Amino acid sequence: MSQRTAALEALRDDLIARIERYQASKQRSEGALDKDMEDQSIELENSEVVDSLENEAEAELRQVMHALERIEAGEGERCERCGTSIDDKRLAALPYTTRCMNCAEQLPSV
């Protein structure tokens, strides 16, 4: 197993655990809101923050899973847009990247 695959699998496991914690937190906080308007505002704001963090983690998990699929298919080191090799330094810094630096700068992130 390559060092990149190990890093991606560890990141995948961390993201799954994080998403599970966010979901558990939301389940605990569901129910009637506090009667105090200030407390209600805080509860709603906290819920929005947890939702946002969960959405970010899910988006990152999709990128990690996509990168792992490409590695398994033998395409993990090549840019999915232009087919050139992705620089090792870029892969080390951003293990779930699927684009070379040139293509990443030209296109919005996925």
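Is Cys-103 buried or exposed? Cys-103 is buried, with a relative accessible area of 3%. Buried means under 20% relative accessible area, exposed over 50%, and partly exposed in between (1.4 Å probe, protein chains only).

## Model and conventions

This is a predicted model, in which local features need pLDDT of at least 70, side-chain atom pairs count only at pLDDT 80 or more, and totals for chains, interfaces and linings use all residues. Residues are numbered from 1 along each chain as its sequence is written, and side-chain values use heavy atoms, with hydrogens and water left out.

The protein chain averages a pLDDT of 87 (the predictor's confidence in each residue, from 0 to 100). Of its residues, 81% score at least 70. Where pLDDT is low, the predicted coordinates should not be read in detail.

## Fold and surface

The protein chain has four helices and zero strands. Both are DSSP runs, numbered from the N terminus: helices are H or I with at least four residues, strands E with at least two. From the N terminus on, the order is α-α-α-α. Among these elements, helix 3 (residues 88–93) has the highest mean pLDDT, 93. Helix 2 has the lowest, 86.

Of the 110 residues, 25% count as buried. The chain exposes about 7700 Å² (Shrake-Rupley method, 1.4 Å probe). Carbon and sulfur atoms supply 50% of that area. Contact means heavy atoms within 4.5 Å. Among contacts between residues at least 6 apart in sequence, 53% join residues at least 24 apart.

## Nonpolar cores

A nonpolar core is a set of buried Ala, Val, Leu, Ile, Met, Phe, Trp, Tyr and Cys residues joined through side-chain atoms within 4.5 Å. The largest has 12 residues, including Leu-8, Ile-19, Tyr-22, Val-50, Leu-61 and Tyr-96. Helix 1 (3–29) and helix 2 (37–72) each supply at least two residues of this core. Helix 2 gives the largest share, six residues. Apart from this core lies another, of five residues, among them Cys-79, Leu-91, Cys-100 and Cys-103.

Which residues does Ile-19 touch, not counting residues up to four places away in sequence? They are Glu-54, Ala-57, Glu-58 and Leu-61.

## Cysteines

The structure holds zero disulfides (pairs of cysteine sulfur atoms within 2.5 Å). Cys-82 is in no disulfide; its nearest cysteine sulfur, that of Cys-103, is 3.7 Å away. Cys-82 is partly exposed, at 41% relative accessible area. Cys-103 is in no disulfide either. Its nearest cysteine sulfur belongs to Cys-100, 3.6 Å away.

## Salt bridges

How many salt bridges does the structure hold? There are four. Each is a side-chain nitrogen of Lys or Arg within 4 Å of a carboxyl oxygen of Asp or Glu. Side chains of opposite charge can pair when their charged atoms come close.

Arg-18 pairs with Asp-14, the closest N and O atoms being 2.7 Å apart. Both lie in helix 1, four residues apart, about one turn of the helix. Arg-18 is partly exposed at 23% relative accessibility, and Asp-14 is partly exposed at 33%. Asp-13 forms a salt bridge with Arg-12, with 3.1 Å between the closest N and O atoms. Asp-13 is partly exposed at 43%; Arg-12 is partly exposed at 22%. Glu-75 and Arg-70 meet in a salt bridge at 3.5 Å, N to O. Glu-75 is partly exposed at 40%, whereas Arg-70 counts as buried at 10%.
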